[in-house]
Amino acid sequence: MYTVRKPPTLITENRDINQRFKMSNRTSSNHSSGKVTTPRIKVTLAVGGTNFVTEVATLKRHPNTVLASLDKTSQFYDTQTDSYVFDRDPLAFSAILNFYRTSELHLPLGICGRAMRHELKFWKISELNISQCCWKVMYEVDKDEKVFDTLKQNLERCDDPLNAQTSWRFRLYVFLERPNSSTAAKIWNTTLMTMIFLSALTLVISTIPSLRKRLVFPQPYNDEVERYLQNSTRLKYDLHVYYYVVDWLYAFDHVLLFIFTLEVSVRIMVSFNKRRFFSSFINWVDMITSYGGWLVFALETAYKYGMIKKTEELFWMYFGFRCVMMTRLLRCIRLQERYTSLKILLITIRKSSKELLLLVLCFIILAMLFGTVEYYCEFDNNRFETIPISIWWSIVTMTTVGYGDYYPESLCGYFVGTMCAMCGILFLSMPVALIGATFNDYYTRNQERELHRKEGLDGSLMKISPKLLKSKHQCFEKKTRH
Ligand SMILES: [Zn+2]
């Protein structure tokens, strides 16, 4: 009997509460006029197992949100407990309920910005309500996410053709391009790097006069050269044109060149994605320094045996080639494949373009400003002949290098010099600090990433969430497409 009678009473009760709900609506709208006479109506919200008790009027403060539009017909109403049940995070909800109470939205301690975003989306509250003091927590996640994306793009490769994994070509490709893939690859990479370093070193020490010997040309050209050298004062020029690197150094350099040429040729042959190969800057450096080296070799040999005479134009052409050869030092950038921190340094520079621009802009403006002022301060003496010279002085002062080739003499000049040095320290260190912070961001995020990956490798693949598996699958698809 009792159970049969129960539903009608509940319905009437419901209707009663609904009416009161509507009444409280009216009272809350009258709130501003100060006439609050209706009794307070309590609402129980059960969120994620925690009960929150508040007043209807409080919830009505922010219309068009989920909580403001609650009534007994809503899907969240539980007739048994006379409360609204939500399967949401109670921690985030306490912050959200506080927003209704105080009209200020603060993030609870220890919540992730992204999780909060999901909660706000559910409760239909705009992110714009978040108080300034909590922006850092809220948006730092987005920044981190960007950093992780960049790291993923730059550090993870998805270009291996899976169907070719057993072929010798693939093995050779991995051996040459992935220094960390095996012990043999590591050893080869270390050897190669040592050779690159040695080849750069031969270029450097080849300018020491004791490591060069006089060339003997066919007669009568040799007599002409002899006469020229007796009166010449162009030491550097003569050293390059009429003297030659000693034989052992020359031979050693060319053995290295041969190995580099062989290496780059094999890499071109085994590369699966030619377009990617030729779009890499460092591969171009490799190719130019290797193949260009043989062009220089041909030129030098022809000259040595008197087949061509080294005129001034030829010298400058040869000189240009040597400068290009100097870029072989850039090959050391290939170390980045091995050392992630070096790669992160390069990513930081690429990603700090805004800060670098700020640095250059500050530098140019300040240099021109102080240079011009200094020029007019030293108007009476002839210390700074032109404004470009005084700009050079201000650059040297701002960077605290101070060669001392130009210096002010007047009192006004001293003052400007002091200001210039101080501004230099202040304005140039700030963008540098920003770039340092960016590097720190990338470096720390990468460390976290590596720890996470290690954890993933130790555990089973099944632990990965479906979303992550999907992204791995996309990577896989990309691989097969190439
Ligand atoms: Zn706050």
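## Overview

The chain contains 18 helices and six strands, where helices (H or I, at least four residues) and strands (E, at least two) are DSSP runs numbered from the N terminus. This is a predicted model, in which local features need pLDDT of at least 70 and side-chain atom pairs count only at pLDDT 80 or more, while totals for chains, interfaces and linings use all residues. Residues are numbered from 1 along each chain as its sequence is written.

**Confidence**

- The mean pLDDT of the chain is 80, and 83% of its residues reach 70 or more; pLDDT is the predictor's confidence in each residue, from 0 to 100.
- Confidence is lowest in helix H1 (residues 2-29), with a mean of 42, and highest in helix H16 (residues 387-398), at 93.
- Over residues 1-34 pLDDT stays under 50, and the model has 22 contacts beyond four places in sequence for them, two residues being in contact if their C-beta atoms, placed from the backbone, lie within 7 Å.
- Residues 475-482 also have pLDDT under 50 throughout, with twelve contacts beyond four places in sequence.
- Where pLDDT is low, the predicted coordinates should not be read in detail.

**Burial and contact range**

- Of the 482 residues of the chain, 16% count as buried; a residue is buried if 20 or more other C-beta atoms lie within 10 Å of its own, exposed if 12 or fewer, and partly exposed in between, with C-beta atoms placed from the backbone.
- Among contacts between residues at least 6 apart in sequence, 69% join residues at least 24 apart.

**The four-stranded sheet**

- Four strands form an open sheet of mixed pairing in the order S2-S1-S4-S3, two strands being paired if DSSP finds at least two bridges between them.
- Strand S2 (50-55) and strand S3 (77-78) stand at the edges with a single partner strand each, so one side of each is left without a neighbour in the sheet.
- S1 and S2 pair in the antiparallel sense over six bridges, and Leu-45 has Phe-52 in S2 as its bridge partner.
- These two strands, S1 and S2, form a hairpin with two residues between them, and Gly-48 in the turn has a positive phi of about 55°.
- S1 and S4 pair in the parallel sense over three bridges; in S4, Val-85 is the bridge partner of Ala-46, and Phe-86 is that of Val-47.
- S3 and strand S4 (residues 83-86) are antiparallel, paired over two bridges, with Tyr-77 opposite Tyr-84 and Asp-78 partnered by Ser-83.
- The hairpin formed by S3 and S4 has four residues between the strands, and Asp-82 in its turn has a positive phi of about 50°.

**Nonpolar cores**

- In the largest nonpolar core, which has 22 residues, Ala-95, Ile-96 and Phe-99 touch the most other members; such a core is a set of buried Ala, Val, Leu, Ile, Met, Phe, Trp, Tyr and Cys residues joined through C-beta atoms within 7 Å.
- Two or more residues of this core come from each of strand S1 (42-47), helix H2 (56-59), helix H3 (90-102) and helix H4 (113-123), and the largest share, seven residues, comes from H3.
- Not counting residues up to four places away in sequence, Ala-95 touches Leu-105, His-106, Leu-107 and Pro-108.
- A second, separate core of eight residues includes Leu-366, Cys-377, Ile-391 and Val-416.

**The loop residue Arg-88**

- Arg-88 lies in the loop between S4 and H3 and is partly exposed, with 17 other C-beta atoms within 10 Å.
- Leaving aside neighbours within four places in sequence, Arg-88 is in contact with Val-47, Gly-48, Phe-93, Glu-119 and Phe-122.
- The C-alpha atoms of Arg-88 and Thr-50 are separated by 9.9 Å, although the two residues are 38 residues apart along the chain.

**Helix H5**

- In helix H5 (residues 135-155), Met-138, Val-147 and Leu-151 are buried.
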